[in-house]
Amino acid sequence: MTTVPEQLFLLGNLATMITYVAITVAIAVPVARAGQLLSNRLAVATALIFLSSAVGHGLHAYLAFANLDRAEHSVAIGWVWALAWWNVLTAAAGVYYWTVRRRDRTLMGAMYTDPQRQKLLDEAEAHRATLEAVVEHTDDAIIGASLDGVITAWNGGAERLFGWTAAEIIGRPTDLLSDDSGAEEQRAIMDRIRRGERGVSYETRRFRKDGTPVETSLSVSAIRDHSGRPTGISAVGRDITAIKEAAERQRAIEERTHQAQRMESLGKLAGGVAHDFNNILAIIVNYTDFAAEEAAGNEALENDLKHVRSAADRAINLTRQLLTFTRGDTIQPQDVDLNAAIAEVHAMLGRTIGEHINLLAVPSAEPVVVHADPGQLQQVLLNLAINARDAMPDGGTLVLEANVAALDGGELDMQPPLPAGTYARLLVSDTGEGMTADVAAHIFEPFYTTKPRGKGTGLGLSTVYGIVAEAGGSINVYSEPGVGTTFRIYLPIATATGGNVPAVLRQDEPPTGSGQTILVVEDEPALARVVTRILAGAGYHVLTATGGQQALALFRQHGCDALLTDVIMPEMSGRRLAEILHRTVPALPVLYMSGYSNGLLGTTHVLDGDIAFLEKPFTGHDLLHKIAEIVPSSPGTDEESRRTGTEPGPHRERLPAFRPPTRLSG
């Protein structure tokens with residue numbers, strides 16, 4: 001008779017067998033389909049365990065079924081041994097399974113791997129390894145920190161940027177990289193991150209392990225967990241020292257360019273003012289001379305007129321300084337040895353600068369020759385020396401030095417800039433009061449002065465600037481308050497020496513005319529009257545015009561022996577007028593006059609070649625000497641010869657052909 005427990009035993013073994021068979025199939029079929037029956041040892045071992053267990057439970061179910069109708073429930077001894085050996089086989093499968101797991105740790109937890117999923121996992125692992133390599137080897141510093149500012153991660157870029165190794169820095173506070181102000185700034189940034197701000201980018205200064213500063217661009221953001229809660233802070237830092245230096249250099253170059261443009265604008269303005277002012281001064285000076293002649297014997301009136309003339313002379317000197325600043329002063333350059341120049345100025349200053357100043361001259365070991373106007377070069381040294389003296393009221397040392405310097409073309413604070421090359425250099429150094437950077441930025445501007453009212457015109461250094469720039473050179477100023485000032489003047493070295501002789505001012509009386517006809521063209525009527533009076537009083541026949549068209553009409557009617565013309569005039573320039581007249585009389589002498597100096601009249605010097613030039617304001621003495629140099633010794637007797645340039649009468653010397661001014665700009 002079958003009992004309930006026996007039936008339950010049978011059903012239990014059948015159910016267990018079926019379950020183990022299903023597990024075996026679930027393991028073996030995918031492995032077989034993937035072709036991993038030989039390679040996936042862990043899956044095969046697991047399948048064997050479940051298979052042997054399924055067979056064992058199947059045998060138990062069979063025996064239970066065979067004994068259901070037997071009263072004695074006896075089992076043949078052969079089946080007992082079969083069950084025993086099968087259990088041994090199951091145990092062996094278990095031993096094999098654990099052996100496989102212990103030998104190959106990579107199989108831990110992995111019974112079967114889907115090929116597609118495994119491929120994705122491999123790609124993700126390779127991507128992660130690539131990111132790790134990028135983070136480790138990038139030049140940027142990548143730093144991790146806890147929310148309380150303790151460093152937790154430090155890549156190779158951080159090691160290279162700050163000099164600390166990861167072993168040295170991890171676990172230490174981030175304040176280690178900052179000074180006090182930087183640490184306070186850093187704490188404020190971290191507070192913003194902790195309060196939920198997603199990221200902050202800023203530029204700051206950090207310090208390397210050896211204490212040297214490094215300008216750094218930082219991008220700081222929060223590290224968040226899956227819930228979005230900040231768990232740490234990441235920072236990406238980049239060295240921007242070179243970038244900031246380049247930006248500062250560019251800013252300085254732009255500022256230098258703006259300064260040069262500002263100086264050029266001031267120069268044009270000053271040149272225009274000087275031009276008109278020179279016309280006025282010419283009128284004042286010459287009418288004062290006329291009045292002085294008429295006042296002969298009236299001592300009181302003569303003294304008054306002397307004061308007027310003295311004031312006018314001061315105004316003339318002031319205007320000439322202004323024109324020098326504009327790089328337009330009339331110059332006579334020649335080869336000058338800087339050693340001789342500083343020796344001459346040293347001797348001059350030694351008698352006048354004062355005993356409280358220790359004056360030293362340091363010449364170059366070899367001659368240093370430049371092509372410049374000796375008088376202007378002397379003026380540069382004297383102006384700088386006088387300024388140095390004024391900066392040392394209690395005494396000090398003044399050094400005049402000459403040498404040679406090489407420039408690479410990228411120097412800052414050169415006014416104006418110079419290309420790369422080797423230059424002659426003059427240094428004027430003092431141990432005086434010095435200047436602030438703000439003052440030094442304006443010292444070459446005309447009328448800018450720090451001296452008390454009435455103690456300076458503000459044109460001394462602007463004159464120096466104009467002279468140096470006109471000579472193709474540049475100036476560099478270095479000054480510190482309480483330490484002193486050094487002016488470095490760079491000038492092109494002369495490529496060849498010449499035998500030029502310095503011009504000597506004429507003191508002799510100018511020759512008078514003998515009736516030669518001078519065509520005077522001046523658009524300022526008052527000045528035209530002055531010139532006419534001077535020439536007429538000296539024996540010349542004068543034709544006066546206030547413009548080019550009127551001058552052409554007078555020339556067609558009367559001809560002339562010489563042309564005296566202003567350069568800059570409305571409607572027609574003096575150059576254009578001379579060109580037209582030279583078509584008729586190629587040998588006609590021309591004397592140009594202008595309140596503008598040669599540097600402002602074009603890119604070339606009007607004194608070059610055969611061009612005769614008279615700078616305003618001029619005296620009657622200067623005018624008559626210049627006229628005598630260009631006009632024939634006696635007037636032509638044949639009017640037609642004056643118009644056409646044909647052979648004059650026997651008493652008139654034929655002039656060599658006069659070359660027209662091909663390079664003079666109006």
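Reply: Start with the term. A helix here is a DSSP run of H or I, at least four residues long, and helices are numbered from the N terminus. Keep in mind that this is a predicted model.

Me: How many helices and strands does the protein have?

Reply: There are 18 helices and 17 strands.

Me: How do I describe two packed helices?

Reply: Use the angle between their axes and the distance between the axes. Take helix 14, residues 525–537, and helix 17, residues 620–630. Their axes come within 10 Å and cross at roughly 65°. The crossing is right-handed.

Me: Which residues make the contact?

Reply: Helix 14 supplies V531, I534 and L535. Helix 17 supplies G620, L623, L624 and I627. By class, the contact has 6 nonpolar residues, 1 polar residue and no charged residues.

Me: Let's take V531. Is V531 buried or exposed?

Reply: Buried means under 20% relative accessible area. V531, which lies in helix 14, has a value of 0%, so V531 is buried.

Me: What does V531 touch, not counting residues up to four places away in sequence?

Reply: V531 touches V520, L564, F618 and L623. L623 belongs to the helix 17 side of the contact.

Me: How far apart are V531 and N286 in sequence and in space?

Reply: They are 245 residues apart in sequence. From C-alpha to C-alpha, the distance is 8.7 Å.

Me: And what share of the whole protein is buried?

Reply: Buried residues make up 41% of the 666 residues.

Terms used:
Residues are numbered from 1 along each chain as its sequence is written. This is a predicted model: local features need pLDDT of at least 70, side-chain atom pairs count only at pLDDT 80 or more; totals for chains, interfaces and linings use all residues. Side-chain values use heavy atoms; hydrogens and water are left out. Axes are lines fitted to C-alpha atoms, for helices over the stretch in contact, and angles run from 0 to 180 degrees between N-to-C directions. Helices (H or I, at least four residues) and strands (E, at least two) are DSSP runs, numbered from the N terminus. A crossing is left-handed if the near helix is turned anticlockwise from the far one by less than a right angle, and right-handed if clockwise. Contact means heavy atoms within 4.5 Å. Ala, Val, Leu, Ile, Met, Phe, Trp, Tyr, Cys and Pro count as nonpolar, Asp, Glu, Lys and Arg as charged, and the others, Gly among them, as polar. Buried means under 20% relative accessible area, exposed over 50%, partly exposed in between (1.4 Å probe, protein chains only).
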